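Biologist: I am new to this structure and would like to go through it step by step. Could you bring it up, please?

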Amino acid sequence: MSLALAPGAQAIESTIEGLEDELAENVRLYLDELEAEQYSPERLKSEVLRRSSEALRVYGYYSPSIKTRFDDPEAPSEVMLTFDPGAPVRIEVLDLSLTGDAAGDEPFMQALDDFPLSEGDHLRHAPFDSLRSTLANLALERGYFDWSFTDRRMEVRPYAQSARLYLALDSGQRFRFGEVTFQGHHIETNRLRNLATFTTGEPYLASKVARFNQRLGETEWFASVNVRPRLDRELARLALPTAESGWWQSLDLKGREPASQEPQIGAEALVSASSLQRPAVPQVPIDVVVTPSDRHQFEVGLGYATDVGPRIHLSWDQPWINRYGHGLDHDLYLSGPEQRFTGLYTMPLANPLRDSYRFQYGLRNKDSEDTSTLESTVEAARRWKFDNDWEQSIYVRGTYEDFTQADLSNQVVLLYPGISWARTRKRTPAFPDWGDRQRLALEYSSEAWGSAVEFLRITGDSEWIRMLGDDNRFFGRVGVGSITTDDFRDIPPSLRFFTGGDRSVRGYAYESLSPEDDEGRLLGGEQLLTASLEAQRRITGKWWGATFIDTGDAFSDWGPSDLKTGAGLGVRWISPVGPIRLDIAHPFDNEDAFRIHFSIGPEF
């Protein structure tokens, strides 16, 4: 047995003369899917002429002259078209109007003002069709739910080379936001109402409904969120279902068909219907349907970086633990040089996304280079988030740290307040094409309230990501730090400054840059300055090449004699779990020829 497969049908190719630019391109698009094998020669010619004429009409040419010639009359694969488009149709009458509340609504008036055609202009269909779609979309987006086109005509007179365009929108009244109802929720209703981006009686705007939906999702209290306007009038509920007739109600109709029984309105419903009146300003209720998210959520993460080697991250999150929306998160991080366990209890306030109290506790053990420390911390904080996306946090932190740094061992108890400001913005989080992050923190400790040492500590950093075209990406970073104290020996390692490694100064080992004692052991710095600049270029698909230069150091006094600098080349692969980065860096102030850095995840 043999199996013969017929070749697939191919679209006919076209050669066009007499037309240029968008006219020729549009004719090609209309003929693009035309398969000659589906038509007889005469029908094929008619179809080519019909499609070509339609392609020209949308640009206002209604009386073209078209000559066709096929390469093979019996089995054509190519058609040669010669055009004389003729004179275009011009607009004789242009009548665009608005009635109803939209007549005074700026976006509608702007849409009419932006219409690119005027009387006497060459007719084009696309702007007229676009205006119709724009007005219809605006009506739905801005709450004109009774809108309709009272006139929508395009009268073309090819013999007179003229056209008359009429478009009239009657928007009716603009609806306003009505009551908000919630279904399926497990969080107090007032908490949810405070997330609304509108108030009852405010003019309807679809973008505010979408933003409300987004804000409910950002709380992480719900597995699904559906916010939608209720547009039905529910008047159908006045109609009662048809009652079934019993045997005692049957009649002998002697072959006649019984009259159909439509739903009847009951006496009480009639009274209600007689009292129904449309409100002076119509309102649209908003229905919110949610389902609770899982109360316990677990996550396991595995990774590797040359700074710390293999690492594992375990998290147990409870996005809600009561009807007030309080949350509790626990994290366990394990790597060779560092192990830590932290817990965070969050108490949302009136606006859950913007205001909250946070209580944090944690244990950390670190054994790296010349640092060995065991630290326990508790912290209470008040957080605000502002309209410009900046977050402010005022906190009080208590720390007990048992440490050894170089040849110094100590145990200290610190109690210090602090304030921080931070903002992170980025698009496409996995591999941002635009973004920036800034953070500034001030902390002060004093012996007056029982701390072991008095100090003022300031830290700040800023990072940017920008694109130039689609294939060039740039990353920059600057970090500074300063601690002022009269007794630096009592400052624990967690507050001293170290730098070097994958995310600071490449070419140097992790946290290997800081002042040293006479035996070359790291002491940690009182000041910090780092900077980095990286240029990336797409090689192909998800592969990118990178070149970079890093500089920085931790030191005892401002104005170090020289900063440590490293530069090199790298490769980036945008994997499903985030970008994987491999860098080869040469340190200019170290005897090593090069150092390899490997890490997974975005810059910030």
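Modeller: Here is the model, which is predicted. Let us begin with serine 445, which counts as buried because its relative accessibility is 0%.

Biologist: Which strand does serine 445 lie in?

Modeller: Serine 445 lies in strand β18, which covers residues 434-445.

Biologist: And what does serine 445 touch?

Modeller: Not counting residues up to four places away in sequence, serine 445 touches Leu414, Leu415, Tyr416, Ser451, Val453, Glu454 and Phe455. The side chains of serine 445 and serine 451 are joined by a polar contact of 2.9 Å.

Biologist: Changing topic: which residues touch the most other members in the largest nonpolar core?

Modeller: Those are Phe212, Leu216, Ile286 and Val288, in a core of 23 residues. The elements giving two or more residues to this core are β7 (176-183), α6 (206-218), β8 (222-229) and β9 (283-292).

Biologist: Which of them gives the most?

Modeller: That is β9, with four residues.

Biologist: What about phenylalanine 212, what does that touch?

Modeller: Leaving out residues up to four places away in sequence, phenylalanine 212 touches Val180, Phe182, Leu192, Leu195, Ala196, Thr197, Phe198, Val227 and Val288. Another core, of 21 residues, lies apart from the largest one and includes Leu19, Leu23, Val27 and Tyr39.

Biologist: How many cavities of 30 Å³ or more are there?

Modeller: A search of the whole structure finds one. The largest cavity holds about 30 Å³ of space.

Biologist: Which residues line the largest cavity?

Modeller: Its lining consists of Lys366, Ser368, Glu369, Thr371, Phe498, Glu511 and Leu522. These divide into two nonpolar, two polar and three charged residues.

Terms used: Residues numbered from 1 in each chain as written. Predicted model: local features only at pLDDT ≥ 70, side-chain atom pairs only at ≥ 80, totals over all residues. Heavy atoms only, no water. Core = buried A, V, L, I, M, F, W, Y, C linked by side-chain atoms within 4.5 Å. Buried < 20%, exposed > 50% of the residue type's maximum accessible area, 1.4 Å probe, protein only. Contact = heavy atoms within 4.5 Å. 1 Å grid on protein atoms, 1.4 Å probe; cavity = no way out; pocket = protein on both sides within 12 Å on 5 of 7 lines; lining within 4 Å. Points joined across faces, edges and corners; volume = space filled by probe spheres on them. Nonpolar A, V, L, I, M, F, W, Y, C, P; charged D, E, K, R; others polar. Polar contact = N/O pair within 3.5 Å; in protein donor to acceptor, adjacent residues only side chain to side chain.
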